[in-house]
Amino acid sequence: MKPSNAKPFLKWVGGKKQLLQEFDKRMPLHIKGEKTIKRYVEPFVGGGAMFFFLKRNYHVEESFLFDINPELIISYQVVKNDCKNLIHRLMKMEEEHLNMEEDHRKENYYRIRTAYNLQMQDFDYENYSREWVERAAYMIFLNKTCFNGLFRQNKKGEFNVPFGRYKNPRICNEENLIGASSALEGTEIFCGDFTKSRDYIEEGSFVYFDPPYRPLNSTSNFTEYSKNGFDDVDQIKLADFFEKMDDRGAYLMMSNSDPKNENPKDKFFDRLYRSYKIDSVPAKRNINCDGSKRGKLNELIIMNYSLTF
Ligand SMILES: C[S@@+](CC[C@H](N)C(=O)[O-])C[C@H]1O[C@@H](n2cnc3c(N)ncnc32)[C@H](O)[C@@H]1O
């Protein structure tokens with residue numbers, strides 16, 4: 001397989017760019033030594049910072065990516081299968097948008113947001129069609145021009161993020177889209193709950209889990225990536241899944257928010273993962289609704305394997 005230079009093609013809340021070196025230090029020793037991952041599984045792929053990092057730095061033989069957000073999965077499928085048409089469409093959108101004055105750009109943004117929300121009404125999310133290219137182009141356009149690259153929907157499922165003020169947003173990064181498309185070659189991408197990945201996790205697989213953050217406080221509600229939130233009951237279900245996959249003999253790594261950032265006595269994850277290795281590392285959160293809280297916070301890295309012989 002060709003080496004890749006690609007980076008994530010979407011900005012994504014909870015993107016893990018800043019933690020990649022910490023993850024790399026903690027890769028299973030045999031993977032680090034051989035620079036090869038036979039089977040990679042990522043049940044909460046989001047923007048895919050870890051997937052693209054591994055593709056740049058390791059020989060990944062086969063990979064299986066999952067996310068519950070159908071709009072995100074459409075974009076992955078189109079980048080993988082129809083990159084040329086997607087680039088063509090995005091280039092046109094970029095040219096039109098950047099030729100406009102600020103006020104017109106704002107109107108254009110809301111026009112596209114409305115078209116995107118209307119398209120949802122009778123959209124076939126099951127069967128791949130040319131309409132998927134249009135939808136993925138809208139999604140990437142909105143992601144690059146909306147406030148903070150957020151993906152937020154109202155109760156009806158409509159995308160409702162306001163316009164973001166950028167001087168010259170790069171809407172169509174052709175080179176990166178082509179790179180992402182070839183990184184995705186031979187990768188299987190699925191829409192669904194993380195438990196769907198159980199059919200693909202085998203003895204020796206390397207699995208990286210990055211579930212939505214447990215809210216740091218009552219006002220940060222960015223765990224609501226789609227209409228489905230991720231609460232403590234889901235976290236408990238996930239810990240149970242982790243244990244089952246451990247029994248299977250897979251190598252498991254998970255990142256999670258450290259509840260001790262808020263409450264030093266909170267032992268939620270210590271209890272859930274008491275049989276495993278838990279490291280707490282400093283990280284910067286890239287999106288927080290409260291700007292004053294953007295500073296350093298700790299993140300947990302949980303592993304089911306040892307890093308010494
Ligand atoms: C913290 S983000 C992952 C960010 C990713 N690591 C990155 O670098 O961009 C969590 C992802 O989990 C997805 N998600 C939420 N609930 C899920 C579930 N039950 N099963 C699978 N994916 C889920 C969300 O749509 C979101 O993309």
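1. The buried residues of H5 pack against H4, helix H7 (130-145) and helix H8 (174-183). Keep in mind as you look that this is a predicted model.

2. Which residues of H5 are the buried ones? They are Cys83, Leu86, Arg89, Leu90 and Glu94. These five span an arc of only 135° around the axis, which means they sit on the same side of H5. Turn to the other side of H5 and you find Lys84 and Glu95, both exposed.

3. H5 runs over residues 83-98, so to speak 16 residues in all, and its first and last C-alpha atoms are 22 Å apart, close to the 22 Å expected at 1.5 Å a residue.

4. Leu98 also belongs to helix H5. Is Leu98 buried, exposed or partly exposed? It has 13 other C-beta atoms within 10 Å; a residue needs 20 or more to be buried and 12 or fewer to be exposed, so Leu98 comes out as partly exposed. For a sense of scale, pick Leu98 and Asn304: they are 206 residues apart along the chain, and their C-alpha atoms are separated by 48 Å.

5. Ile74 is found in helix H4, which covers residues 70-81. Ile74 counts as buried because it has 22 C-beta neighbours inside 10 Å. Leaving out residues up to four places away in sequence, Ile74 touches Trp132, Arg135 and Ala136. Take Arg135: it is 61 residues from Ile74 along the chain, yet the two C-alpha atoms are separated by 7.7 Å.

6. Next, the ligand. There are 24 residues around it, and the ones that come nearest are Gly14, Phe44, Gly46, Gly47 and Ala49. Sorted by class, this shell has 12 nonpolar, 8 polar and 4 charged residues. Among the elements that each supply at least two residues of the shell are helix H3 (49-57) and strand S2 (59-67).

7. Here is a loop residue for contrast with the helices. Where does Gly229 sit? Gly229 is in the loop between strand S4 (206-209) and helix H9 (232-247). Gly229 counts as exposed because it has 12 C-beta neighbours inside 10 Å. Gly229 and Pro70 are 159 residues apart in sequence, while their C-alpha atoms are 15 Å apart in space.

8. Finally, zoom out to the chain as a whole. Its secondary structure comes to 10 helices and 7 strands. The radius of gyration is 19 Å, close to the 19 Å that the globule rule gives for 309 residues, so the chain is as compact as a globular protein of that length. Along the principal axes, the C-alpha atoms fill a box of roughly 60 × 45 × 35 Å.

9. Of the 309 residues in the chain, 37% are buried. And if you take the contacts with a separation of 6 or more, 73% of them are between residues 24 or more positions apart.

Key:
Residues numbered from 1 in each chain as written. Predicted model: local features only at pLDDT ≥ 70, side-chain atom pairs only at ≥ 80, totals over all residues. Near = placed C-beta within 6 Å. Helix = DSSP H or I, 4+ residues; strand = E, 2+ residues; numbered from the N terminus. Nonpolar A, V, L, I, M, F, W, Y, C, P; charged D, E, K, R; others polar. Contact = placed C-beta atoms within 7 Å. Expected span 1.5 Å × (residues − 1). Arc of directions from axis to C-beta. Rg over C-alpha atoms; globule rule 2.2 N^0.38 Å.
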